[in-house]
Amino acid sequence: MGEKYIIGLDYGTLSGRAVLVRLTDGVTVAGSVLEYAHGVMDTWFTPSPEIRQKLPNDWALQHPRDYIEVLEKTIPDVIDQANIDPRQVVGIGIDFTASTPLPVLKEGTPLCFLPRFAAEPNAYVKLWKHHGAAVYADRIQQTAEERAELWLDACGGKISSEWLIPKLYQVAAEAPDVYRTMDLFVEAGDWIVWQLTGRAVTSTCMAGYKCNLTEDGFPTPEFLTAVDPVLTDAHTKWLTEVLPIGAKAGGLTEEWADALHLWEGCPVAVDGIDGHAAVPAAGIHKAGQMLLILGTSSCHMLVEDRFRRFSGICGRAWEGMIPGFWGYESGQCCVGDHYAWLCDNLVPASYTKEAEARGMHIQTLLTEKAEKLEPGESGLVALDWWNGNRSVLMDDGLSGMIVGMTLGTRVEEIYRALIEATAYGTRKIVENFRENGLRVEEIIVTGGIAGKNPMLMQIYADILQTELKLAGGTSALGAAIYGAVAAEAYSTMTEAIAHMGSITDKVYRPDPAHAEMYDRLYREYLLLHDTFGRGENDVMKRLRQLKTKK
C-alpha cells in the first residue's frame with residue numbers, strides 16, 4: 001500500500017483546513033483551506049438571504065453548515081492533490097476553536113436546521129469570542145464563590161463568558177423554547193466527530209478547559225440550581241462521556257466515507273482545542289516544557305506531572321494536552337493586536353511614506369527602527385492590558401498604560417515598549433507557575449509572530465532570560481498526531497510526537513548584557529502591575545465606567 005498518512009483537520013475562526021501528513025515523519029504533503037461561507041456573524045445575523053437581523057453588542061455566531069462544507073471540500077482535495085489510494089489514510093484528527101457550542105437534537109441535528117428556529121440567533125453556533133453571556137458568567141462566578149466550589153480554582157478562580165456553561169445559561173434565559181427543545185449543547189468540534197463517527201463523545205481537552213470538568217467532576221446539579229432554577233437540568237445538556245485526548249472516538253461511517261473519498265471505519269480521534277493541539281505538534285512530550293503561542297493574543301501551555309491548586313491560570317486539566325500529564329494554561333488577551341493597533345492609529349505620515357517608498361509593511365519599518373534602540377533607551381514602560389488581563393489577574397476590566405512619554409517620544413519607541421510589555425507579562429506568568437511549585441524548564445515558541453519577527457523573539461529571550469526554541473509544527477499537525485495515536489499507528493503519544501512533532505534548529509539565546517537593565521525595567525512593570533491591577537488604584541475601571549455612560 002506504500003506510505004501511510006493521517007488527515008489533520010484544523011477549524012479556525014474564519015476558515016477550516018485539512019492537511020495530509022506523512023505518518024513516518026510528520027511532513028505535510030498536501031493542504032486545503034476553505035473560508036466559511038457565512039463567516040462570523042457579529043454585527044448582522046444573516047444565516048440565509050431571507051434573514052437579516054441586527055445583533056446585540058458582543059455577539060459572535062456561526063453557521064454549522066460551514067463546518068460540514070469544510071469536510072466535503074478539503075478532505076477530498078488533499079487526497080486528490082497527493083494522488084494517493086484512500087486506504088493509505090489510516091486516521092483522522094480534529095482540532096477546533098473553543099468554546100464554540102451549538103444546540104442539537106438527540107440524533108445530532110442542529111436546531112438552526114429546523115424551519116422553526118431558522119431565524120432564532122440562539123439556535124446557532126456561539127463562536128468562542130461570543131461575549132454576550134458575560135452577565136451570566138458573572139452570576140455563575142458569584143454563586144461559585146459563595147459556595148466555595150472546589151472546581152473554581154481549576155480555571156484560575158475566574159469564569160469566562162466564552163465557556164460552554166455561561167453560553168448555555170444565556171440560551172436558557174433568553175431563548176427558553178430553544179433550551180427546552182435542544183437535547184444537547186455540544187462543542188462544534190465534538191459535533192464534527194459525532195457527524196463523522198455517529199458517536200457523541202467529548203475529550204478531556206474540551207471538557208476540562210471549556211466545560212469546567214475537574215478531578216472532582218463537572219459542576220453539580222445542586223450548584224446549577226443555586227445559580228438559577230432554570231438550569232436545574234442543565235447537566236443533562238452537555239456531553240458526559242469523556243475520553244482522553246488521543247483516544248479513538250469511532251470509525252468513519254459508510255455515508256461519510258463515501259462523501260470524503262475515504263474508507264468506512266477509518267479511525268477518528270476525539271477532538272482537541274486548536275491551541276492545545278499545538279503542544280504535541282511542537283514536540284512537547286515531558287514535564288516542564290512550556291509552549292508559548294504568539295499571535296494576536298498569546299497562550300502559555302505548560303505540561304507537568306505535578307498537581308497544584310493556585311490562581312492566575314486560565315485552566316488546568318488532566319490529560320488536556322497530552323496523555324499522562326496535567327496541562328496548565330495561561331494567556332494574554334492582547335499581543336499582536338497591540339502592534340496592529342499602533343500601526344493603525346499612531347504612525348505619522350512620514351513613516352507611512354517611507355514604508356511605501358521602500359516597498360515594505362509599516363510594521364517592518366517600525367521593527368527596523370526599534371531594533372536600533374537599547375533596552376531602557378526610550379524611558380518607557382507599558383502595561384499589556386489593551387484588551388484586559390487574562391493572566392495572572394484574570395480581570396477583563398483593566399486597560400492599557402504607557403509611562404514615560406515626552407514630546408521627544410517616537411513611535412518606534414512606543415512600539416518597542418509594547419513588545420517589551422507583552423514579554424514582561426509572559427515573565428509574570430512564568431514566575432506564577434514557578435512560585436506555585438511547577439517547573440518551567442524549557443520554552444518552545446510557535447505562532448505567526450514567532451517566525452516573522454526575530455527582534456521580538458530576542459526581546460522575549462532577554463526579558464525571560466532563557467533560551468527560546470522555535471517550533472515548526474502547527475495545530476493541524478497536532479490534530480494529525482492525535483489521529484495517529486487514535487489509529488494505533490503508534491503505541492503511545494510520546495512515540496507519535498517523537499516521529500511527527502516538529503521543532504526547528506532556530507534558538508534565541510538571552511544577551512547577558514541586557515539582563516540587568518531588563519530586570520530593572522521589569523521591577524517597574526511589576527510596580528505598575530500591582531498598583532493598577534490589584535485594587536490600589538482602580539482608575540482604569542472608573543474611566544471605563546465613565547466611557548460606558550457616555
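This is a predicted model: local features need pLDDT of at least 70, side-chain atom pairs count only at pLDDT 80 or more; totals for chains, interfaces and linings use all residues.

Biologist: Okay, what is the strand order in the open sheet of seven strands?

Modeller: The order is 18-19-17-16-22-23-24, and the pairing is mixed. Strand 18 (315-318) and strand 24 (503-508) are the edges, each pairing on one side only. From one strand to the next, the twist averages 25°.

Biologist: Take strand 16 and strand 22. Do they run parallel or antiparallel, and how many bridges join them?

Modeller: Strand 16 (residues 289-294) and strand 22 (residues 442-446) run parallel, joined by five bridges. As one example, Ile293 has Thr446 in strand 22 as its bridge partner.

Biologist: Remind me, what holds strands of a sheet together in general?

Modeller: Backbone hydrogen bonds; strands pair through them either parallel or antiparallel.

Biologist: Which strands does helix 13 lie across?

Modeller: Helix 13 (residues 411-435) lies across strand 16, strand 17 (298-304), strand 19 (326-332) and strand 22. Its direction is at about 150° to strand 19.

Biologist: And helix 14, what does that one cover?

Modeller: Helix 14 (residues 454-464) lies across strand 16, strand 22, strand 23 (468-471) and strand 24. Relative to strand 23, helix 14 runs at about 140°.

Biologist: Switching to the inside. Which residues touch the most other members of the largest nonpolar core?

Modeller: Tyr11, Leu71, Ile192 and Leu252 do, in a core of 88 residues. Helix 15 (residues 475-486) gives the most to this core, with eight residues. There is also a second, separate core of 64 residues, and Ile313, Val392, Leu393 and Ile463 are among its members.

Biologist: What does Leu252 touch?

Modeller: Leaving aside residues up to four places away in sequence, Leu252 touches Ile92, Leu196, Ala257, Leu260, Leu262, Trp263, Glu264, Gly265, Cys266 and Val268.

Biologist: You mentioned helix 15. How does helix 9 cross helix 15?

Modeller: The axes of helix 9 (residues 274-281) and helix 15 come within 7 Å and cross at roughly 75°. That angle falls in the 65 to 115 range, so helix 9 and helix 15 are roughly perpendicular to each other.

Biologist: Which residues meet in that contact between helix 9 and helix 15?

Modeller: From helix 9 you have Asp274, Gly275, His276, Ala277, Ala278, Pro280 and Ala281. From helix 15 come Ser475, Leu477, Gly478, Ala479, Ile481 and Tyr482. The residues of this contact divide into eight nonpolar, four polar and one charged.

Biologist: Which residues have a positive phi without being glycine?

Modeller: Asn212 is one, with phi of about 60°, and Glu488 is another, with phi near 60°. Most residues other than glycine have a negative phi.

Biologist: Is Asn212 buried or exposed?

Modeller: Buried, because its relative accessibility is 7% and the cut-off is under 20%. Asn212 is in the loop between helix 6 (204-210) and helix 7 (221-227).

Biologist: And Glu488, buried or exposed?

Modeller: Glu488 is exposed, with a relative accessible area of 70%. Its place is in the loop between helix 15 and helix 16 (493-500).

Biologist: Last one: how are strand 4 and strand 5 connected?

Modeller: By a hairpin through two residues. Strand 4 (residues 44-48) and strand 5 (residues 51-54) pair in the antiparallel sense over three bridges, and Trp44 has Lys54 as its bridge partner in strand 5.

Conventions:
Residues are numbered from 1 along each chain as its sequence is written. Side-chain values use heavy atoms; hydrogens and water are left out. Two strands pair if DSSP finds at least two bridges between them. Helices (H or I, at least four residues) and strands (E, at least two) are DSSP runs, numbered from the N terminus. Axes are lines fitted to C-alpha atoms, for helices over the stretch in contact, and angles run from 0 to 180 degrees between N-to-C directions. Contact means heavy atoms within 4.5 Å. A nonpolar core is a set of buried Ala, Val, Leu, Ile, Met, Phe, Trp, Tyr and Cys residues joined through side-chain atoms within 4.5 Å. Buried means under 20% relative accessible area, exposed over 50%, partly exposed in between (1.4 Å probe, protein chains only). Angles under 35 degrees count as roughly parallel, over 145 as roughly antiparallel, 65 to 115 as roughly perpendicular and the rest as oblique. Ala, Val, Leu, Ile, Met, Phe, Trp, Tyr, Cys and Pro count as nonpolar, Asp, Glu, Lys and Arg as charged, and the others, Gly among them, as polar.
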